[in-house]
Amino acid sequence: MAEVPPRILVVDDDHDVALLVKTVLERRAGCVVDLADDGRSALEKAAAVKPDVVVTDIEMPGLSGLELLAELRRVMPSVPVIVMTAHVSVEYAVSALRAQADEFLTKPLDNARLVESVTRLVEESRRRTAEARTGEVVLAIGAHPDDVEIGVGGILAAHAAAGDRITILTLSRGARGGDADSRQHESLAAAEQVGARLFVKDLVDTEISGGGSTVRLIEEVVQEIQPTIVYTHSHHDRHQDHRAVNEATIVATRRVGTVACYQSPSATIDYRPTRFVRIDRFLDDKLRLLECFQSQAAANREYLAPEFVTATARYWSRFGGGVAVEPLEVVRETAEFIGAHELTRRES
């Protein structure tokens, strides 16, 4: 698995020094380095790129390095900060340590010590981030048994591997597509594979409303589990139940930070994904989830055939890279959504 290169923000109003640090870190430590020439622009850059480590000079116009350090401790407390200065004095060192700097380096810089300090603090930064991460709460909503697994089975497997909590909400038992009891048991078997909690409602198959009653059912589950990410059907779908569930979900999850729509076999050509999530490691897990729905396979649902599922994932890899991708139409998203997909992104 390829590692994501360390991302370092270097802050110095002396462009020669900044470029020297950038060159050393890129060539010797394989870092991706961003530059800022004052404290205020550094805060904006840090918010945008989320660096693993910040390396900053002390004396700068406007916001000083120590004032920048104090502000970073307030808004990004887990990011390690290296302070560097040409003024070697006990007073400077004590000031930096009191401001909770992680390292204090003097100019001219010892390149070997700079690389050693940055490398060590990148590991520390990622450890802090992993410990701080509480995990996502995922809610996947479908109209019928097997809808969720077809649309985001690989993504759910990735969430399970990341330790996220998963809930699947199925709004009908799918009586028009087979024996409802059998389909419910199949849903339960699939949910168990990814450690998901399962809610199965009993709305009438093919007659699901996009209005009040369905909204209230979804709101009850949202209220109970407090999801941070919701996956549901797209509005661009020939099946009336899928469109209705999309409509009700958008209303019922209006306070959820991230909502994204998956592709169903009945999606129309207007389905326009904006996010492509690699599931290279999780395609086999998805195929095993779909094997649970034997009643549908026996009914010759060709879209459940492993070669069909694999070919579809392979097709979307044209846009997402790798060998298998699940597409999403993102309705809205938070920065945490990107973090939740870090596991699959690192596959690249």
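Start at Thr 206, which sits in the loop between strand S8 (197-203) and helix H8 (212-225). Helices (H or I, at least four residues) and strands (E, at least two) are DSSP runs, numbered from the N terminus. This is a predicted model, where local features need pLDDT of at least 70, side-chain atom pairs count only at pLDDT 80 or more, and totals for chains, interfaces and linings use all residues. Residues are numbered from 1 along each chain as its sequence is written, and side-chain values use heavy atoms, with hydrogens and water left out.

Stay on Thr 206. Its phi is near 75°, a positive value in a residue other than glycine. Most residues other than glycine have a negative phi. Thr 206 is partly exposed, with a relative accessible area of 23%. Buried means under 20%, exposed over 50%, and partly exposed in between (1.4 Å probe, protein chains only).

Next, select Asp 146. Look in the loop between strand S6 (137-142) and helix H6 (147-161). Asp 146 also has a positive phi, about 85°, and is not a glycine. Is Asp 146 buried or exposed? Asp 146 is buried, at a relative accessible area of 3%.

Now go to Pro 108, in the loop between strand S5 (103-106) and helix H5 (111-132). Show the backbone from Lys 107 to Pro 108: that peptide bond is cis, with omega near -5°. Most peptide bonds are trans.

Finish at Asp 13, in the loop between strand S1 (7-11) and helix H1 (15-29). Asp 13 is partly exposed, with a relative accessible area of 32%.
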